[in-house]
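Hi everyone, thanks for coming. Could you bring up the sequence and the model on your screens before I start talking?

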Amino acid sequence: MSMLFDEGLLLEDCTTAETIVRLRRLTLNDAPAIAAALSDVAVARNLTQVPHPYGLDDAEAWLKSVAGRRDMLAAGVSVDGVLAGVVAIDASGVTPELGYWLAAPFHGRGVGRLAVRAFVDFVFATTDVATIAAGHMLDNPASGRLLARLGFQPTGETEVCSKARGATVRIATSALARAAWVDGQPAIETPRLSLRMPTRADVAEIASAAEAPFGLATAPFAELALTADAQALVLRAAREMRPTNLSLILRLKDERTVVGGVGWRSVEPGVVELGFWLGAAHRGRGLMVEAARATLEAAFLGGGAKAARANCRASDWASRQVLIRCGFQWEGSTLVRPASGGSLAADRFRLDRDTFLSFREWAASDVRAFGG
Ligand SMILES: CC(C)(COP(=O)(O)OP(=O)(O)OC[C@H]1O[C@@H](n2cnc3c(N)ncnc32)[C@H](O)[C@@H]1OP(=O)(O)O)[C@@H](O)C(=O)NCCC(=O)NCCS
């Protein structure tokens with residue numbers, strides 16, 4: 001049976017490593033841009049299903065068919081607000097299959113790599129897909145290069161019919177298995193904790209760890225913890241791409257249980273806001289200091305941040321201690337406005353990269369794959 005994707009996965013945009021390139025939901029209004037791009041034979045000849053000539057009716061029919069399918073997830077690639085292309089996964093067959101194209105003016109500018117990477121990351125993080133298959137025509141080296149850079153491994157060669165060429169073409173097939181994808185994701189090992197990006201498989205564990213979350217939490221998480229919506233946390237983590245944003249869950253190495261979360265989001269160029277939460281049952285053992293120090297190290301050394309900020313509820317003495325033990329300094333008081341309404345008195349803290357590095361007297365953590 002084919003896989004079905006949750007509705008609403010793309011209700012909000014997905015960011016990529018470059019702020020101007022985003023993945024977004026497609027609407028019928030995209031038909032003219034799609035028709036214009038795919039009527040270019042230079043694009044269509046690299047695809048199997050797109051006929052030539054290709055017109056507005058074809059684009060509209062395709063958009064309608066996609067909107068009605070739950071075994072397919074398709075995203076528009078937006079560059080500076082302009083629809084530049086499409087990336088999609090079709091799960092109607094045995095192995096879900098990736099497809100993508102960009103309009104000719106956007107070729108060769110790195111947009112394909114950013115968009116397809118973000119889409120593949122999003123699919124693995126938010127769905128149960130085990131393996132993603134892909135194929136590129138032998139005379140389309142840009143696509144082959146793009147897949148190889150994302151870790152796709154060759155699986156063979158086959159022949160397909162290209163509608164636009166009206167001929168049979170040789171295709172190199174490849175696949176990316178979930179385990180190989182996981183290996184390429186950001187990871188931090190501290191003495192007692194493994195920090196990884198959350199995926200759909202972690203939802204139940206996150207929910208139970210967050211049941212009584214007020215052990216420790218920076219201000220933005222205090223509100224998240226109230227809603228305790230682990231599914232939303234995973235989705236949000238997947239939408240906000242590294243290195244500008246990163247969300248990790250903390251797992252105890254010996255028991256393998258999820259105990260909390262830590263991460264950062266970019267608030268202004270070069271400045272990240274650190275956020276964390278720890279399940280109440282796991283307080284008092286210095287776990288969050290260990291995780292926060294390692295995460296700051298990743299943000300400063302791998303993520304390119306020059307400074308970090310954090311907001312902590314005024315009444316939360318324990319979270320304040322975590323920040324101070326990482327080298328943060330109190331900057332002033334502020335009000336944070338949770339989405340649930342009202343406002344919360346909070347303290348603002350700041351830590352510069354150089355201060356952190358000179359303050360650091362603990363052993364460096366094992367941090368990997370933090371590049372864009
Ligand atoms: C394939 C496609 C999505 C690639 O996107 P892109 O933004 O043009 O590619 P990028 O700029 O991200 O480059 C991807 C890689 O291909 C390389 N590349 C780009 N053009 C190339 C060319 N003509 N020959 C060889 N390599 C090329 C780039 O150097 C880069 O490799 P690197 O990461 O090692 O530097 C885009 O060109 C496209 O839409 N083509 C038409 C439709 C299509 O082919 N779809 C895919 C069907 S499988």
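I'll go from the domains to the interface, and then to a few local spots.

First, a word on ground rules: this is a predicted model, where local features need pLDDT of at least 70, side-chain atom pairs count only at pLDDT 80 or more, and totals for chains, interfaces and linings use all residues. Residues are numbered from 1 along each chain as its sequence is written, and side-chain values use heavy atoms, with hydrogens and water left out.

So, how is the protein divided? We have domain 1, 14-181, and domain 2, 186-368, with bounds from an automatic or database domain assignment. The centres of the two, taken over C-alpha atoms, are 34 Å apart. An unreviewed UniProt entry carries the annotation "domain: N-acetyltransferase" for residues 21-172 and 193-354; such annotations, given in the numbering used here with shortened feature names, may be inferred rather than shown by experiment. Over residues 21-172, the chain is 32% helix and 33% strand, and the end C-alpha atoms sit 28 Å apart. Helices (H or I, at least four residues) and strands (E, at least two) are DSSP runs, numbered from the N terminus.

Now the interface. Here 13 residues of domain 1 contact 11 residues of domain 2, contact being heavy atoms within 4.5 Å. About 1000 Å² is buried between the domains, and carbon and sulfur atoms give 60% of that. Buried area is the accessible area (1.4 Å probe) that two parts lose on being put together, summed over both. Thr15, Ala125 and Thr126 supply 39% of what domain 1 buries against domain 2, more than any other three residues.

What about charges? The rule finds one salt bridge across this interface, meaning a side-chain nitrogen of Lys or Arg within 4 Å of a carboxyl oxygen of Asp or Glu. Arg200 and Asp128 meet in a salt bridge through their side chains, at 3.0 Å, N to O. On the domain 1 side, the elements giving two or more residues are β1 (14-15) and α4 (111-126). Helix α4 gives the largest share, six residues.

The whole structure has 21 salt bridges by this search. One of them joins Arg69 and Asp90, with the closest N and O atoms 3.0 Å apart. That pair links distant parts of the chain: Arg69 is in the loop between α3 (56-67) and β3 (72-79), while Asp90 is in strand β4 (residues 82-90), 21 residues apart.

Two backbone details to finish. Where is Pro53? Look in the loop between α2 (41-44) and α3; a cis peptide bond joins His52 to Pro53, with omega about 0°. And in the loop between β3 and β4 you'll find Asp80, which has a positive phi of about 55° although it is not a glycine.
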